[in-house]
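Here are my notes on the model you sent over. Have it open while you read, and follow the points in order.

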Amino acid sequence: MNKTNFEWDENKNHENQNKHRVSFETAQYAFADQNRVLAEDINHSKNEKRYYCFGKVEGKILTVRFTYRNKIIRIFGAGYWRKGKNIYEQTN
């Protein structure tokens with residue numbers, strides 16, 4: 001079984017924690033949810049494809065914004081947003 005690797009900018013991680021109260025370390029767990037939903041972020045996929053992962057973490061639905069570079073998931077945003085929760089619940 002392949003291990004998934006994650007990376008992120010530590011400054012962006014601190015900004016995200018201050019703004020949305022969730023760390024990128026925690027955000028990784030959304031990908032472990034067997035019912036997770038992945039979607040392309042069409043509005044922000046200009047220079048490279050960007051995606052959303054909607055997954056349950058600690059009993060709540062977390063939205064993670066990420067890209068995929070060199071077989072590594074690079075997280076650049078995460079939060080408990082209503083829109084992500086709605087997409088997750090509609091899909092599951």
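1. Start with the surface: D9, E10, E15 and E25 make up a negative patch. Patch members have over 30% relative accessible area and no salt bridge, with like charges joined within 9 Å; a salt bridge would be a Lys or Arg side-chain nitrogen within 4 Å of an Asp or Glu carboxyl oxygen. Areas come from the Shrake-Rupley method with a 1.4 Å probe.

2. A word on the ground rules: this is a predicted model, where local features need pLDDT of at least 70, side-chain atom pairs count only at pLDDT 80 or more, and totals for chains, interfaces and linings use all residues. Residues are numbered from 1 along each chain as its sequence is written, and side-chain values use heavy atoms, leaving out hydrogens and water.

3. E10 sits in helix α1, residues 10-20 (helices are DSSP runs of H or I, at least four residues; strands are runs of E, at least two). With a relative accessible area of 39%, E10 is partly exposed (buried is under 20%, exposed over 50%, partly exposed in between).

4. Look at the ends of α1. D9 caps the N-terminal end, with a side-chain oxygen 2.9 Å from the backbone nitrogen of N11. Just after the helix, R21 has a positive phi of about 65 degrees.

5. Is N13 buried or exposed? N13, also in α1, is buried at 0% relative accessibility. The N13 side chain makes a polar contact of 3.2 Å with that of E25 (N or O atoms within 3.5 Å, one able to donate a hydrogen and the other to accept it; residues adjacent in sequence count only if both atoms are side-chain atoms).

6. Finally, F76 in strand β5, residues 72-79, is buried at 14% relative accessibility.

Methods: Patch = residues over 30% accessible without salt bridge, like charges linked within 9 Å, V, L, I, M, F, W, Y side chains within 5 Å. Lys, Arg positive; Asp, Glu negative; His and termini not counted. Charge placed at Lys NZ, Arg CZ, Asp CG, Glu CD. Buried < 20%, exposed > 50% of the residue type's maximum accessible area, 1.4 Å probe, protein only.
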